[in-house]
Amino acid sequence: MAHSAIAKVSVAVPVTNESSVKGSTFKTYSVSFGSKSWAPGYALDLKSNNLRLRKQSVVCMSVQQTTAPKVAVSPLALEDVKEPPMHVYKAKEPYTGTIVSVERVVGPKAPGETCHIVIDHGGNVPYWEGQSYGVIPPGENPKKPGKPHNVRLYSIASTRYGDHFDGKTATLCVRRAVYYDPETGKEDPSKMGVCSNFLCDSKPGDKVQIAGPSGKVMLLPEDPNATHIMIATGTGVAPYRGYLRRMFMEDVPTYKFKGLAWLFLGVANTDSLLYDDEFTKYLKDHPDNFRYDTALSREHKNKKGGKMYVQDKIEEYSDEIFKLLDNGAHIYFCGLKGMMPGIQDTLKRVAEERGESWDEKLSQLKKNQQWHVEVY
Ligand code: FAD
């Protein structure tokens, strides 16, 4: 790993994250050196007595900018376009982006691994919050010899400005797809997910083929006074991270959020929570505009004493949710396909208990464009 002693650190404000890379512990600080107050790509080496700055060549860059004040974003030209960009690059002729950073964002007790991946697209593949990128993993398609792999879609987890606020990066939140042999219970390396493993294993500077952006169903409605009920399992939180950064972290002159955003996040346990620092910060700073409820299936119990899933949380707040929907709230579902049947059953049951027909309500919600589903 490359070392570079650069300058004295004049300000050191702990941000959020500590990462361990090859035995060294890094903590990411907001630093100023010389006239520059932002040092992307550098972290302090805590093991070094003289606090050298260490150029990051692996995975130790903070992506949680929750201690930053609202950020004035640029270039504002990204607000001028009236229609979302669509398929700027096709899978057959993808754009070659560069990996900026890859960071594991779950704790040691999380089942499985999820990574926060920042990709530099140089401003060439612009997108809006709620859209997805396609990624074409390197190598040959096993089903079509000589051809590239099929494209895999990933929801973009940043705003159009990206995590560096310059409109040149996009962030993905990727869960490594692993295959366990049902008989031995052991991982089978020959059946690992191709694209998610490629992305989670990639290193800063690696190239990545991207297509897109695509998707309109999860676009954030323009009305800054709207209510948004966002339901996620696991990486389904990705588009909501983008929404919430736009609402609460960035300072976009044309979008001053005054509505309500309510996030329900279902994961296995505390260590599996994604972007919890950011969300907790919004809760503290914007208590009138943000609500955040988690369902930790392996830690929380539902009212019947069983595992707490996201639909149990929805049931707990169903009266409020139904009232908000009646008043025009948008409801979003993102994450694993398997989440939908349980949620739909719960909503149907609650509707019936309230003497309403769920089928009619659902078709009305769809007609009013209040119902947004992206599951995979
Ligand atoms: P693949 O190689 O496609 O394999 C798929 C699964 O099959 C894996 O679980 C793999 O382990 C298993 N498998 C492979 N070979 C075998 C075999 N021989 N026998 C049995 N099983 C096998 N994912 C995210 O992590 N984050 C997101 O934000 C996200 N957003 C999405 C948005 C949309 C709109 C859609 C449609 C999907 C999204 N996905 C997201 C899912 C993503 O597109 C991929 O499907 C996922 O990453 C798995 O792709 P892979 O190439 O890693 O696995």
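Residues are numbered from 1 along each chain as its sequence is written, and side-chain values use heavy atoms, with hydrogens and water left out.

Let me turn to confidence. The pLDDT, the predictor's confidence in each residue from 0 to 100, averages 84 for the protein, and 80% of the residues score at least 70. Over residues 1-67, however, the pLDDT is below 50, although this stretch has 146 contacts in the model beyond near neighbours in sequence; a contact means heavy atoms within 4.5 Å. Where pLDDT is low, the predicted coordinates should not be read in detail. The model scores ipTM 0.99 and pTM 0.84.

Domain 1 gives 31 residues to the contact and domain 2 gives 27 residues. Between them they bury about 2200 Å², 58% of it on carbon and sulfur atoms; buried area is the accessible area (1.4 Å probe) that two parts lose on being put together, summed over both.

I move on to a helix pair. Helices (H or I, at least four residues) and strands (E, at least two) are DSSP runs, numbered from the N terminus. Axes are lines fitted to C-alpha atoms, for helices over the stretch in contact, with angles from 0 to 180 degrees between N-to-C directions. The axes of H7 (residues 339-353) and H8 (residues 358-367) come within 9 Å and cross at roughly 115 degrees. H7 contributes Gln-344, Leu-347, Lys-348 and Ala-351 to the contact, and H8 contributes Trp-358, Asp-359 and Leu-362.

Finally, two points of backbone geometry. Which residues does a cis peptide bond join? They are Gly-212 and Pro-213, with omega of about 5 degrees, and Pro-213 lies in strand S11 (residues 207-214). Phe-165, although not a glycine, has a positive phi of about 60 degrees. Phe-165 is found in the loop between strand S9 (152-155) and strand S10 (169-175).
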